[in-house]
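Here is a short tour of one protein chain, written to be read with the structure open beside you.

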Amino acid sequence: MNQRSGSSPFTLAVCAEMVFRDLPVIERVRRIDALGFQVEIWDWTKHDIQALADTGATFSSMTGYIDGTLADRQGADRLVETARESIEVAKTLGIPRLNLHGTGLDGQGLPVKPCVEMTGPMWIQAADTLNRLADLGQQHGVTFVLENLNTAVDHPGVPFARAEDVLALVAAVDRPEVRIMLDLYHAQIGEGNLVELVRRCAPYIGEIQVADVPGRCEPGSGEIHYPAIARALDEIGYRGTVGLEAWASGGDELALSRFRDAFTL
């Protein structure tokens, strides 16, 4: 058990796409940084990359592709191609982790190519695509993280969305350049049993993302007891990043404070 009572053993990050939304993105980044958090962004093509770099903030992760999909050859080629472009942006911002999904998502979070049933050949293709991305990661010193998503509320039709599916793929590839972006908000909706899920995913976690259920707001606004999650992460020896990917249920700074409190041991 961590002995630093009253501190967090984790690096805490906040998604700039979801808080301080009355401010321009650059000002959101500055505010998050000033409050002592690292910063997550989503689609880098929507941002002024040099302006982001000039803030001096530390960035934790961003979307690691523009479009493409894991499980068909043409889509996989496009995914890898746009991952190469994303790596160059990540280098400018000093971002170590590039986020992936089973397929490209539109502006509403819906899959560009919906899929309900994953066939055997699709699993094989997905694993092959992740191996190709691992090669890129090894070459450029970045980690690709495959995120689990819920299909019941936010992302219907996304293939390889369940945490169990993501774990199976990442474990099959078993390379340090491909890890899990374990999103506990999505997992609670789709699967639950979060403490046990954290333990099973432990060897393959690249980053943890959090929000509460229902509502996708900060810890303490819903049903998930995040202090128990923090203790479970501490017990498995996790010392990586925990990212708040959540709306604020009230004031933005209060939401960030509640997030910090939930992951302070």
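Leaving aside its neighbours within four places in sequence, which residues is Thr55 in contact with? They are Ile26, Val29 and Arg30. Please bear in mind throughout that this is a predicted model.

**Around Thr55**

Thr55 sits in the loop between helix H2 (49-54) and strand S3 (59-63). With a relative accessibility of 16%, Thr55 counts as buried, because the cut-off for that class is under 20%. A polar atom of the Thr55 side chain lies 2.6 Å from the backbone oxygen of Leu52.

**The nonpolar core**

In soluble globular proteins, nonpolar side chains tend to be buried together. Here the largest nonpolar core has 77 residues. Leu182, Val242 and Phe263 are the ones with the most contacts inside that core. If you select Leu182 and set aside residues up to four places away in sequence, you will find that it touches Asn148, Ala163, Leu197, Val198, Cys201, Ile205, Glu207, Ile208 and Gln209.

An α-helix has 3.6 residues a turn, so residues three or four places apart point the same way. In H8 (226-235), the buried residues are Tyr226, Ile229, Ala230, Ala232, Leu233 and Asp234. What do these buried residues of H8 pack against? Their partners are H6, H7, S7, S8 and helix H9 (252-262). After H8 comes Gly237, whose phi is positive, near 85 degrees.

**Side chains that pair up**

His186 belongs to helix H6 (residues 184-190). Apart from neighbours within four places in sequence, His186 is in contact with Glu147, Asn148, Leu149, Asn150, Asp154, His155 and Arg216.

Glu207 is 34 residues away from Thr241 along the chain, yet their C-alpha atoms are separated by 5.3 Å.

Lys91 has its place in helix H3 (residues 73-93).

**Backbone details**

Now for the backbone. The loop between strand S7 (205-210) and H8 contains Pro214, and the peptide bond from Val213 to Pro214 is cis, with omega near -5 degrees. Arg216 is found in that loop between S7 and H8 too. Arg216 has a positive phi of about 60 degrees although it is not a glycine, and it is buried, with a relative accessible area of 12%. As noted above, Arg216 is among the residues in contact with His186.

Asn193 is another non-glycine residue with a positive phi, this time of about 55 degrees. Where is Asn193 placed? Look in the loop between H6 and helix H7 (194-201). Asn193 is exposed, at 56% relative accessible area, because exposed means over 50%.

**The largest pocket**

Rolling a probe the size of a water molecule over the atoms shows where empty space is left. In this model, the largest pocket holds about 790 Å³ of space. How many residues line the largest pocket? The lining has 30, and Trp42, Leu105, Asp106, Gly107 and Gly109 lie nearest the centre. By type, the lining residues divide into nine nonpolar, 11 polar and 10 charged.

Technical notes:
Residues numbered from 1 in each chain as written. Predicted model: local features only at pLDDT ≥ 70, side-chain atom pairs only at ≥ 80, totals over all residues. Heavy atoms only, no water. Core = buried A, V, L, I, M, F, W, Y, C linked by side-chain atoms within 4.5 Å. Buried < 20%, exposed > 50% of the residue type's maximum accessible area, 1.4 Å probe, protein only. Contact = heavy atoms within 4.5 Å. 1 Å grid on protein atoms, 1.4 Å probe; cavity = no way out; pocket = protein on both sides within 12 Å on 5 of 7 lines; lining within 4 Å. Points joined across faces, edges and corners; volume = space filled by probe spheres on them. Nonpolar A, V, L, I, M, F, W, Y, C, P; charged D, E, K, R; others polar. Helix = DSSP H or I, 4+ residues; strand = E, 2+ residues; numbered from the N terminus. Polar contact = N/O pair within 3.5 Å; in protein donor to acceptor, adjacent residues only side chain to side chain.
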